[in-house]
Amino acid sequence: MYTLATLPGDDIRSIMWRFADRFELQMLVQSVRAVARGPVARAVAEGARNSHEWTTKKSQLLKAFDESGITAVFMDPEYGGFIEGPKNFALALTAYELSWVDAGAATGSLAGNLALEPIHERGTEEQKRTYMGGAVPPQQGEDRIQYRGAFGLTEPLPYVGVETGMLGGKVRVADWSADKEPVLQVEKRGRFITNMDFANFVCVAVESDDDRIKGSCMIILEETDPGTFDRGAPTLKLVHQLSSTRDPVFNMKVPASRIIGGYTVKDGVILPNFSHAEIIDPVFKHTRVTVGLMTAAKLVSAVEPVIRYQRGRFRGGSLEPESPRYKLGIQQKEDALHRTAAVWAAGEAASSLGFAAARLFDELDPMEKEKEKYFREQGINKGRAEFKALMKIQQDAVNHLENDDDAPIGDPMIQYVITDSLANVLCPATKLWNTGEGATVMREAVSLMGGYGITEDCPGFLGQKWMDSQLEATYEGPEAVQRRQLSITMTNKVFLTQFGNWIQRLENLSLTHSDMGIKSLVSGMKIWLETLDYLQTHRDENNTKLYSSSRQGVTFAMADALCWLLSSYYQMEDVLQLLQKGPENAAVAPNLEGYVAFFKDLCFIQASRAAHQVAQICSELYYGSASTLPESGDILTPLLQELNANIAGVHLAKDRAAEALTMVMIPEALDYPQ
Amino acid sequence: MTNLNVVVCAGIVPDPLQTLDPVQTGEKPGLRNEMMLPHVLDPWAGHALYEAAELVKETGGKLYVVSIGPKAKLQQVMMTIAQKVPFQLIAADAAAGGFSDSKQIAVQLAELVKQIDGLDLSNTLLFGGWESASRGAGTTLQMVGEILGVTDQFQGVDKISLNDDGSFKVLERIEGGKHLHSSCSGAPAVLGWATGYLPEPPNNPQIGMTNMRTIMPALQQAKPADLENPELTFTAVELPKQKRDTKIVKDISADEIAQEIIDWIKSK
């Protein structure tokens, strides 16, 4: 039996999540943690969440964000930031640290970035310089007003809500004198707009209501522009109360230069260079990953308070201090330990999936810029022409993956297509699984604290975190949106070929790592792949395709199933990384064996659970899509039998993990107030 | 006074919030799972560092931090400390934990100070913690000063006020919650800090990024320091035991309460 010495610290996490060699990120983690477990935790402990209003105490968090560098994380050094290159992983770490204590604080911090995202992705150089440079906190001796932004997309219910394809907000030409820049009249009502209590600019999505403007666009409104800048009523949300959220109303005149990405004039018509959808797509393509990581942080953060509660449950009575009941408390009971291990395992899987996605987007960002450049040089325009060109490269990418997965990819466009296909799956998967399943597991964590769990002063704020996770499952695109996206992207041949290669690789790994449930994961992956193939190639008794966009009962269920597999897969990847790199770290090496053994057991627990979730979903679709068994021969039953054989020993893994939980050394007290 | 340098001797300790459980590790005591515990800058050294940073800002001198500890843990602590104030790190790699001989540490620290390129000791103040959150013999800094020949020493310092001619005044803590006011003609001197008056500076990532350009090479070049002293033995190591006897009284004077405490101590 191994020993889990302590709860895993930064040394281990930086190896698993691949930032051991990036000291700027390690500094960021420490900096954000000081804010999270200092002013943020104190605000929650003092009841700041018990108000919808933006209070003085809440506004003090902005100062803490500014001083600690959180506000400037998003900015490139040329605009006053301090981290070079893509920031997806840095922002993911920031969100994770803040959400360890309170996700509302994380949302408040990230919402400022979300407001800048359209400008970052599509803005003109002048817009970037003005708003991104202006959002960096003023340095000592600098006299200027700091820009703080809000992202104005969501509109009031009923009717539009968060439908990104249509808009209630309108834009018209208010004044267009000869040889002068047009002045636009912008009308927009927002709902659930974060940062609205203090934002001095808002990026709003609007549609043309004027023949002289084509299509839709996003426009920057400033507080001082002429017209109505009504911050509106506070949104009566039950969660994330440390972030400011209101339902604003805008009716303002702004110069056309505020159109994000600029515009051209043709035949007397203003043509925005980017429609609002062309701006929002690249924004949401990656920002949803950080939301998924917010819930992941909650799950892992629950472990320490739960263990402390379990051990101390019966202390203080007349028990002998040396008695097992005094020492272990509820940890004498198998059920409590097994459930704690399951919560931890889910938290690990969610974290691994989210950080893998964030890292992948850091790789993808420069590739996308290269792709844009390449296509423009080739005279391939956006839209259909680009789509056709990409389809051709996709086949090359599949050929490469099928022939030699490990060979270096010489063609950057093939590399882009491969990375993009994976990113298009990992982002919605992180958002969907981490928050949806995360909310369910968070409920379990709350229940492990007994009645304490649903009190305001529960250590670790677990009750609040449970509630918060429900919002995380909803905002920046609810679960149905993620399932819809996955149901398309997961059938991309480039992704499926990579998925098939993973199976091969895992089968090889299972020969040398037989103790972490790899085979059970492989079984789950095969079941999913075979079922998808069956569903895509067969029709039901009404001769309707089993897998089609209108059959969400099929496609969405398969999307859910895939997420279980992905999270388990990346959890294993991180443990293997620890196994490989841990010996190089002097602090980690002496106790590495125990950590790896424990994490392997968590992998097995999670892989078994994931594979059986997949088996249940796929069985229902495969056997249940017709009134008789499939005519093509039952391909699933042998795989299901194989899965059952491959979970041999999973209960022993649970027992080992449980025992480790009774002995792991935890700090004397939680390092943030309650 | 211009270009006055300050060298801060700053150790790292396991985070006091952690379970600090003494165990026998080989032939000497250590802390259970010590290497896995998160470490922090010794809080007393922290006060010295932040006071030193203010001082060099005033004089235009340079701030050096000299530290001995496990390299991996030093690096972890630097991820926070490097964001606080600008400094140059000089480090040696050795076990921490509070069971090393303070004399051996003093010898090694003095060696590191001597190795600082271009440091004019006659224009330097040597700072450190008056106490430590570790085992805290309270003798290390004094010995470093002695080895370096710096014999003007002040302990329990809360404030230093520099004069234009290089002389300075110092407030040292003494009994009864009072301060001893002293004057010194100038550097070099040793100042062992109590808490000072300055708060911990907020993190500044820009400072951190600048510091890390020199800190990472310094950590990579940190040589092992020999802290072994075969003559040092520990007969027993244990955590202070908590004992509380409460009685409620409302009608006795402070002198009487003090006398009762003295009598109790004498009886032990």
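This is a predicted model: local features need pLDDT of at least 70, side-chain atom pairs count only at pLDDT 80 or more; totals for chains, interfaces and linings use all residues.

Visitor: Into which domains is chain A divided?

Guide: The assignment gives domain 1 (10-135), domain 2 (149-276) and domain 3 (284-663) in chain A. Between the centres of domain 1 and domain 2 of chain A, taken over C-alpha atoms, there are 25 Å. Across this pair, 30 residues of domain 1 of chain A are in contact with 30 residues of domain 2 of chain A.

Visitor: Is A:G112 buried or exposed?

Guide: Residues under 20% relative accessible area count as buried. A:G112 has 16%, and is therefore buried. The residue A:G112 belongs to helix α5 (residues 103-122) of chain A. Beyond its neighbours within four places in sequence, A:G112 is in contact with A:G149 and A:N195.

Visitor: Where does A:R191 lie, and which backbone oxygen is 3.1 Å from a polar atom of its side chain?

Guide: A:R191 sits in the loop between β3 (183-189) and β4 (193-194) of chain A. The backbone oxygen in question is that of A:E155. Sequence separation and spatial distance are read side by side: A:R191 and A:R246 are 55 residues apart along the chain, with their C-alpha atoms separated by 6.7 Å.

Visitor: Which residues make the nonpolar surface patch of about 550 Å²?

Guide: The patch is made by B:V249, B:I252, B:I257, B:I261, B:W264 and B:I265. Of these, B:V249 is in the loop between β13 (223-224) and α6 (254-267) of chain B. B:V249 counts as partly exposed because its relative accessibility is 43%.

Definitions and conventions
Residues are numbered from 1 along each chain as its sequence is written. Chains are lettered from A and ligands numbered from 1 in the order in which they are written. Side-chain values use heavy atoms; hydrogens and water are left out. Patches are made of residues with over 30% relative accessible area and no salt bridge: like charges are joined within 9 Å, nonpolar side chains (Val, Leu, Ile, Met, Phe, Trp, Tyr) within 5 Å. Accessible areas come from the Shrake-Rupley method with a 1.4 Å probe; for residues, only the protein chains shown count as cover. A salt bridge is a side-chain nitrogen of Lys or Arg within 4 Å of a carboxyl oxygen of Asp or Glu. Helices (H or I, at least four residues) and strands (E, at least two) are DSSP runs, numbered from the N terminus. Buried means under 20% relative accessible area, exposed over 50%, partly exposed in between (1.4 Å probe, protein chains only). A polar contact is a pair of N or O atoms within 3.5 Å; within protein, one must be able to donate a hydrogen and the other to accept it, and residues adjacent in sequence count only if both atoms are side-chain atoms. Domain bounds come from an automatic or database domain assignment. Contact means heavy atoms within 4.5 Å.
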